[in-house]
Amino acid sequence: MSTSAHSSTGAISPDATVTDRLVEANKRYAADFTDPGMDARPVLQVAVVACMDARLDLHDALGLELGDCHTIRNAGGVVTDDVIRSLTISQRALGTRSVVLVHHTGCGLESLTEEFRHELEQEVGQRPAWAVEAFRDVEQDVRQSMQRVRTSPFLLHTDDIRGFVFDVKTGLLREVDAAA
């Protein structure tokens, strides 16, 4: 399987960095770019919160097109204060009404612990202010994320919050029952 990261970049030098390759790809993209004439309001009025894992192609997996949704990604798809900030702006300023949470099988956070923070502190001399948010049960983590969204006082629309686990081997979503 070939991806854009593996494709030839034409005249770029062989010692180019990955960022150099990305900038060259953008030049090719911009050469044929046409302003789609849309604003920042997602057409489907949905925000998707997902893990940053490179195996998740959310637009293809969910049948989304450019402009359909807001996409918020981080390690684990964790609903942190910053995710709540983004969702609040998405809802209050840009009209979203639904939230879809997508975690996945084989997440790297399943193999980490909060000890990771302690190791960082030992290495750099400063403890990170953030939590790792590691977990062992992906479905329970989805439930926790749904609960964080539902109970946020900043969000206007908490009646359509659904959570899923994406199977990285099959590409299928499995819905998580919030009440289980």
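Biologist: Is Thr88 buried or exposed?
Modeller: Thr88 counts as buried, because its relative accessibility is 16%; buried means under 20% relative accessible area, exposed over 50%, and partly exposed in between, with a 1.4 Å probe and protein chains only. This is a predicted model, where local features need pLDDT of at least 70, side-chain atom pairs count only at pLDDT 80 or more, and totals for chains, interfaces and linings use all residues. Residues are numbered from 1 along each chain as its sequence is written, and side-chain values use heavy atoms, leaving out hydrogens and water.

Biologist: Which residues does Thr88 touch?
Modeller: Not counting residues up to four places away in sequence, Thr88 touches Ala93, Phe154 and Leu155. Contact means heavy atoms within 4.5 Å.

Biologist: And where is Thr88 found?
Modeller: Thr88 is found in helix α3. Helices (H or I, at least four residues) and strands (E, at least two) are DSSP runs, numbered from the N terminus.

Biologist: On to the sheet. In what order do the strands come?
Modeller: The order is β2-β1-β3-β4-β5, in an open sheet of five strands with mixed pairing. Two strands pair if DSSP finds at least two bridges between them.

Biologist: Which strands stand at the edges?
Modeller: β2 (69–74) and β5 (173–176) do; each has a single partner strand, so one side of each lacks a neighbour in the sheet.

Biologist: How do β4 and β5 pair?
Modeller: β4 (residues 161–166) pairs with β5 in the antiparallel sense, over four bridges. Leu173 in β5 is the bridge partner of Phe166.
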